Amino acid sequence: MAAHMRWGLRQLLRARKTAHFRFQENNRGSYHSQCSTQSFRKAQTRPGTGTTNFSIRHLSIQTQDTPNPRSLKFLPGKPVLGSGTLDFPSPSSAECSSLARDLFEIEGVKSVFFGPDFITVTKTDEDVEWTDIKRHALEAITKFFESGDPITTGAVPHESSHSEDDDDIVSMIKELLDTRIRPTVQEDGGDVIFKGFEEGTVKLKLVGSCTGCPSSTVTLRNGIQNMMQFYIPEVDNVEQVEDEVDEINAKVFSELERKLQD
């Protein structure tokens, strides 16, 4: 009977894959989208003729506010990772991506996040103005796509990928995350990564615009936890966790900020 109910739940989740759940957020009332259109020329030589043709392409990058006032979402109008997400919480984590390294070169940038078709840039604090960061980020993103370089030089990890070792409950949690929760969080420039399930507690890592977001607690409690408990009775609560390297990076960054203020 239990197996039959779980099969039915999986079918329901898959059938509603496109019906994304909207989490409660602070009403910021400041959503905006603006375009920066850059054009560049690509030379093509016709074999045997010595003739070179120049084709002009346009890259239109949209910027979008996120629920986190410190994060801004950039949409280049073409695939970034294509699938999956990749978080760069510090410059030292950006060795595999020239674009991430270039974005970290911009003064005021704290972290960078890549999604399937977007890039999220998070600034150090709210006192830092977006004007210069946005302008330099648009230039860096345009230059990168013009170069034709790969977005990363290594494989993109998929931390929430299903495993043969997952039991029924963990499989259900991951299915719910992948079909109903992560797509919605990604629309806001972030992501939710499954880190474990122990004694009724689902452990999740929030990345991208979700990191340090004032509404992240609301998202966890009123959004993710309520949905998990509704579909999976074995879930008692949801807990936000950080990797050890993230905790070290946060301490290093806080120490640096303190020294700069002295």
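Select Gln186 first. Its side of the story is burial: Gln186 has a relative accessible area of 16%, so it counts as buried (under 20% relative accessible area; exposed is over 50%, partly exposed in between; 1.4 Å probe, protein chains only). This is a predicted model, where local features need pLDDT of at least 70, side-chain atom pairs count only at pLDDT 80 or more, and totals for chains, interfaces and linings use all residues. Residues are numbered from 1 along each chain as its sequence is written, and side-chain values use heavy atoms, with hydrogens and water left out.

Now show what surrounds Gln186. Leaving out residues up to four places away in sequence, Gln186 touches Lys73, Thr85, Pro116, Phe118 and Asp191 (contact: heavy atoms within 4.5 Å).

Helices (H or I, at least four residues) and strands (E, at least two) are DSSP runs, numbered from the N terminus. H4 covers residues 168-187. Of its 20 residues, 17 are buried, so H4 is largely enclosed by the rest of the structure.

Go to the start of H4. A side-chain oxygen of Asp167 comes within 3.2 Å of the backbone nitrogen of Ile169. Move along to Ile181. Here H4 has a kink of about 45 degrees, shortly before Pro183. The bend is the angle between axes fitted to the seven residues ending at a residue and the seven starting there. Just after H4, stop at Gly189, which has a positive phi of about 85 degrees.

At 1.5 Å a residue, its 20 residues should span 28 Å, and the end C-alpha atoms are 28 Å apart, which agrees. The expected span is 1.5 Å times one less than the number of residues.

Next, select Phe74, Leu103, Val112, Phe114 and Ile119. These have the most contacts inside the largest nonpolar core, which has 28 residues. Such a core is a set of buried Ala, Val, Leu, Ile, Met, Phe, Trp, Tyr and Cys residues joined through side-chain atoms within 4.5 Å. Colour H3 too: it gives the largest share of this core, 8 residues.

Zoom in on Val112. Beyond its neighbours within four places in sequence, Val112 is in contact with Leu86, Asp87, Phe88, Ala100, Leu103, Phe104, Ile119 and Thr120. Then jump to a second, separate core of 21 residues, including Leu177, Val202, Cys210 and Ile224.

Finally, show the whole chain. It holds 6 helices and 9 strands. Of its 262 residues, 44% count as buried.

Conventions
Polar contact = N/O pair within 3.5 Å; in protein donor to acceptor, adjacent residues only side chain to side chain.
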